[in-house]
Amino acid sequence: MMKIAVKGALALFLTIGATSELRAQVAIGDDWGSAGARIGYFAPISTFEDRQFGGENSFGNAFAIGATASVWPMFDHRVGFRAEIVRSATDGKNSQTEFAPIALNDPVQWLYSLELLARQPMGTIAPYVGVGAGFKQYNWAVSLHDEDRSFLWSVAGGLEVRPGVGPFGLTVDLRSYQSKFQGFGVNDGDWSPGGPDNIARPTPEGMTDIGFFGGETGGLSNMDLMLSTSISYTF
């Protein structure tokens, strides 16, 4: 799947180069920043024991899209910051029943982060590493407890490439997100109506509280991986 994304990005570069009048390429190390669009493969790694319904809960792998903005103000444009937002629509799963709360509540996962990056320009390429922090948000499909948020931190490594097509660049990136998962009564979490704020909410006709309200837990370690490529406009 990543091969398709990379080939698509390279094809777009060639199309732009063939059809547009572009200003000169900005060399890596001479640029002040960039803005880009990201496409990738999002892979939730962690599983959560469901003691109410049995089995293990998890989220399936899915495509992800996002946007990034970077600046390189320090140490001769070698150290900088990157803000990133990523969206992925994931499939909730339970190993024993499709009626477990997480299996019914396929979430859209949003990840927001701000990273500190360091890179080493090497001609038309520059490997980089980064560490960041932000928050993660789950938007649940049918739960009355609409969303959950938690703090996250990330580590990343990747490669910037300038293929010689005007001011455009390509980035290939691998990152890990660490966060806490809270909700749906997993691992001895409770089933307080309304979730962590413990405020009862109206229940639509035909629904019951069980399976549709989040339950607060002590905070379960959660890890996600993402392999992605992005096209950026540099300046």
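Predicted model: local features only at pLDDT ≥ 70, side-chain atom pairs only at ≥ 80, totals over all residues.
When I call a residue buried, I mean that its relative accessible area is under 20%, against over 50% for exposed and in between for partly exposed, with a 1.4 Å probe and protein chains only. Residues are numbered from 1 along each chain as its sequence is written, and side-chain values use heavy atoms, with hydrogens and water left out.

Let me start with the overall fold. Eight strands close into a barrel in the order S1-S4-S5-S7-S8-S9-S10-S11, with antiparallel pairing; strands here are DSSP runs of E, at least two residues long, numbered from the N terminus, and two of them pair if DSSP finds at least two bridges between them. Strand S1, residues 33-44, is joined to strand S11, residues 220-234, by 11 bridges in the antiparallel sense, and isoleucine 39 has threonine 229 of S11 as its bridge partner. S11 also pairs with S10, again antiparallel, over 14 bridges, and there lysine 180 is partnered by serine 221.

Now to the aromatic rings, of which the structure holds 11 pairs. Rings of Phe, Tyr and Trp (its six-membered ring) pair if their centres lie within 6.5 Å, and planes under 30 degrees apart count as stacked, over 60 as edge-to-face and the rest as tilted. Phenylalanine 59 and tryptophan 140 have ring centres 6.2 Å apart and planes at 35 degrees, so this pair is tilted. Because phenylalanine 59 lies in strand S3 and tryptophan 140 in the loop between strands S8 and S9, the pair ties together parts that are 81 residues apart in sequence. Both of these residues, phenylalanine 59 and tryptophan 140, are buried.

Tyrosine 138 and phenylalanine 181 make an edge-to-face pair, at 5.4 Å centre to centre and 90 degrees between the planes. Tyrosine 138 belongs to S8 and phenylalanine 181 to S10, so parts 43 residues apart in sequence are tied together, and both tyrosine 138 and phenylalanine 181 are buried. Together with Phe48, the residues Phe59, Tyr138, Trp140 and Phe181 form one aromatic cluster.

Finally, which ring does arginine 119 lie over? Arginine 119 sits over the face of tryptophan 72, at 3.8 Å from the ring centre, where the criterion is that NZ of Lys or CZ of Arg is within 6 Å of the ring centre and within 35 degrees of the ring normal.

Methods. Helix = DSSP H or I, 4+ residues; strand = E, 2+ residues; numbered from the N terminus.
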